[in-house]
Amino acid sequence: MKLVLLPCRETAIVFRPLATTALLICLVAPTHAEDSESQSYLLRYSLEAGEQLHYEVTHVAKTKTRIRGAEEVSQVHTTSQRHWNVLEANDAESTFEHVLDAVEMTQQQGEKEEIRWNSAEQEAPPAVFERIAEQIGRPLSTVTITPRGQEVRREDDAGTKTSLGMGSLTLAFPEEPITVGSSWSVPREVRARTEDGEVKPIKIRELFTLEKVQTGVAYLNVRSEPLTPIKEESVRAQVVQQLSNGTIRFDIDNGRMLSKQLDWDETVVGFQGANSLMEYRARFTERLVDGVERTARRK
């Protein structure tokens, strides 16, 4: 006796008893997909004392300004090798050093000659890169975080604290497990100088969204939203360079960031007079480099 069913295809298929497995796969698959979408994920850092996480960081930026008819273009391209040296780690918090291992830099300002320097070539750096050269092989910061990525303590080497759109080296995760499509926000503050010379704090929130999870990797979207009204274009020109818009990949199973990409594409009109213009185009990428063996040079 034959049994005629209409499982997944429009065309009728004849199934004998041996086809039972195929029929079950067809019926169960959609249910499994629905379950994965509703599954919750706990995002947490998991570091071990003595381990090193090596990252390659690239920052490319082009700024064009026009003031009183005079136009100038400046460009920078920096590729650096860095690592986290985990000093201590337990269930409550972890402490690591953020160390700069090597750097290759290019800078050009207007019509001036391009300046290049590669720390691996052991040549004396140009004057504009001397401060960075002094930092190679030394901890830029010593940071203590909770498993949620919240900074408990941070000590920065003098003059090394920078913020390329992200206020922290780590991501601050929500307290509870989240599902795909969920969002959470983290407050941040940047400072800008007004035309009167006053330093004005600008409140910002970083809005994170869990876009998807594949093979144990969380794909996050991040977008900055200024909360403080910005009325002066001169202030806006400073703030747009500190906003975060991009994507992050986080290894849920091993508790560490795999990659980050932030992009800027901003135009500000009137930041220094009615006919002034600033265009800012930049990209910041950071990726985990596996199997890297390095010994930082200490001066």
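Visitor: What does the pLDDT average for the protein?

Guide: The average pLDDT, which is the predictor's confidence in each residue on a scale from 0 to 100, is 85, and 81% of the residues score at least 70. Residues 161–166 have a pLDDT below 50, although this stretch has 21 contacts in the model beyond near neighbours in sequence, where contact means heavy atoms within 4.5 Å. Residues 292–299 are also below 50 in pLDDT, with 18 contacts beyond near neighbours in sequence. Where pLDDT is low, the predicted coordinates should not be read in detail.

Visitor: OK, and what share of the protein is buried?

Guide: Of the 299 residues, 39% count as buried, where buried means under 20% relative accessible area, exposed over 50% and partly exposed in between, with a 1.4 Å probe and protein chains only. Among the contacts with a separation of 6 or more, 57% are between residues 24 or more positions apart.

Visitor: Which residues have the most contacts inside the largest nonpolar core?

Guide: They are Leu-43, Leu-171, Phe-173, Trp-184 and Leu-220, in a core of 40 residues; a nonpolar core here is a set of buried Ala, Val, Leu, Ile, Met, Phe, Trp, Tyr and Cys residues joined through side-chain atoms within 4.5 Å. Leaving aside neighbours within four places in sequence, the contacts of Trp-184 include Leu-43, Phe-173, Ile-178, Phe-208 and Leu-220.

Visitor: Switching to rings, how many aromatic pairs does a search of the whole structure find?

Guide: The search finds nine aromatic pairs, with rings of Phe, Tyr and Trp (its six-membered ring) pairing if their centres lie within 6.5 Å, and with planes under 30 degrees apart counted as stacked, over 60 as edge-to-face and the rest as tilted. Tyr-55 and Trp-84 form a tilted pair, at 5.9 Å centre to centre and with 50° between the planes. Tyr-55 is in strand E4 (residues 52–67) and Trp-84 in strand E5 (residues 70–89), so this pair ties together parts that are 29 residues apart in sequence.

Visitor: And how is the pair of Trp-84 and Phe-96 arranged, stacked or tilted?

Guide: The rings of Trp-84 and Phe-96 are stacked, at 4.1 Å centre to centre and with 10° between the planes. Because Trp-84 lies in strand E5 and Phe-96 in strand E6 (residues 94–109), the pair ties together parts that are 12 residues apart in sequence. Both Trp-84 and Phe-96 are buried.

Visitor: Last one: is Val-235 buried or exposed?

Guide: Val-235, which lies in helix H3 (residues 233–239), is buried, with a relative accessible area of 2%. Leaving aside neighbours within four places in sequence, Val-235 is in contact with Ala-192, Arg-193, Thr-194, Ile-202 and Ile-230. Val-235 and Arg-193 are 42 residues apart in sequence, and their C-alpha atoms are 6.5 Å apart in space. Ala-192, in strand E11 (residues 183–193), is buried with a relative accessible area of 3%, and its contacts beyond four places in sequence include Val-235, Gln-238 and Val-239.

Conventions
Residues numbered from 1 in each chain as written. Predicted model: local features only at pLDDT ≥ 70, side-chain atom pairs only at ≥ 80, totals over all residues. Heavy atoms only, no water. Helix = DSSP H or I, 4+ residues; strand = E, 2+ residues; numbered from the N terminus.
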